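Please look over the sequence and the model below before reading on. The paragraphs that follow go through it helix by helix.

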Amino acid sequence: MFFALPRPQGPFEWGMRIFLEELALSATFFFSVGFLWAVSGNRWLKKLLDTASLKFAWLLIPLAIPVFVAVTCILICG
């Protein structure tokens, strides 16, 4: 993302870029470790997968809350 996109202009753009990069890296790490654990069944990989899933969840929760609020508003207000 640093090489393909132009330089961010404000703090909001910097924050969004850092957040999206962290989300992409966490998702890649989570799914890669999950695949390796599924193939091998190693206990060490299971602990690593648990740690990665917590980080991934903490990144997704702030994204999910506004979506749920918007869907609820649309369903209630029509």
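A residue is called buried here when its relative accessible area is under 20%, exposed when that area is over 50%, and partly exposed in between. The model is a predicted one.

Helix α1 covers residues 11-40. Its 30 residues should span 44 Å at 1.5 Å a residue, and the 43 Å between its end C-alpha atoms agrees with that. By the cut-off above, the buried residues of α1 are Arg17, Glu21, Leu23, Ser26, Ala27, Val33 and Gly34. Helix α2 is included in what covers them.

With neighbours within four places in sequence left aside, serine 26 is in contact with Lys55, Phe56 and Leu59.

Leucine 36 also belongs to α1, but its relative accessibility of 47% makes it partly exposed. Apart from residues up to four places away in sequence, leucine 36 touches Gly41 and Leu45. Its C-alpha is 9.4 Å from that of lysine 46, a residue 10 places away in sequence. Glycine 41, one of the two residues that leucine 36 touches, comes just after α1 and takes a positive phi of about 75 degrees.

The next helix to look at is α2, which comprises residues 43-77. What lies on the surface? A nonpolar patch is formed there by Leu54, Trp58, Ile61, Ile65 and Val69, and together these residues have about 540 Å² of accessible area. An α-helix has 3.6 residues a turn, so residues three or four places apart point the same way. Isoleucine 65, one of the patch residues, lies in α2. Isoleucine 65 counts as partly exposed because its relative accessibility is 48%.

The cysteines remain to be considered. A disulfide is a covalent bond between the sulfur atoms of two cysteines. How many disulfides does a search of the whole structure find? The search finds zero. Cysteine 73 takes part in no disulfide, and the nearest cysteine sulfur, that of cysteine 77, is 5.6 Å away. A disulfide requires two cysteine sulfur atoms within 2.5 Å, so the 5.6 Å between the sulfurs of cysteine 77 and cysteine 73 is too far for a bond. With a relative accessible area of 42%, cysteine 73 is partly exposed, whereas cysteine 77, at 70%, is exposed.

Technical notes: Residues numbered from 1 in each chain as written. Predicted model: local features only at pLDDT ≥ 70, side-chain atom pairs only at ≥ 80, totals over all residues. Heavy atoms only, no water. Patch = residues over 30% accessible without salt bridge, like charges linked within 9 Å, V, L, I, M, F, W, Y side chains within 5 Å. Areas by Shrake-Rupley, 256 points an atom, 1.4 Å probe, with all protein chains shown as cover. Salt bridge = Lys/Arg side-chain N within 4 Å of Asp/Glu carboxyl O. Helix = DSSP H or I, 4+ residues; strand = E, 2+ residues; numbered from the N terminus. Buried < 20%, exposed > 50% of the residue type's maximum accessible area, 1.4 Å probe, protein only. Contact = heavy atoms within 4.5 Å. Expected span 1.5 Å × (residues − 1).
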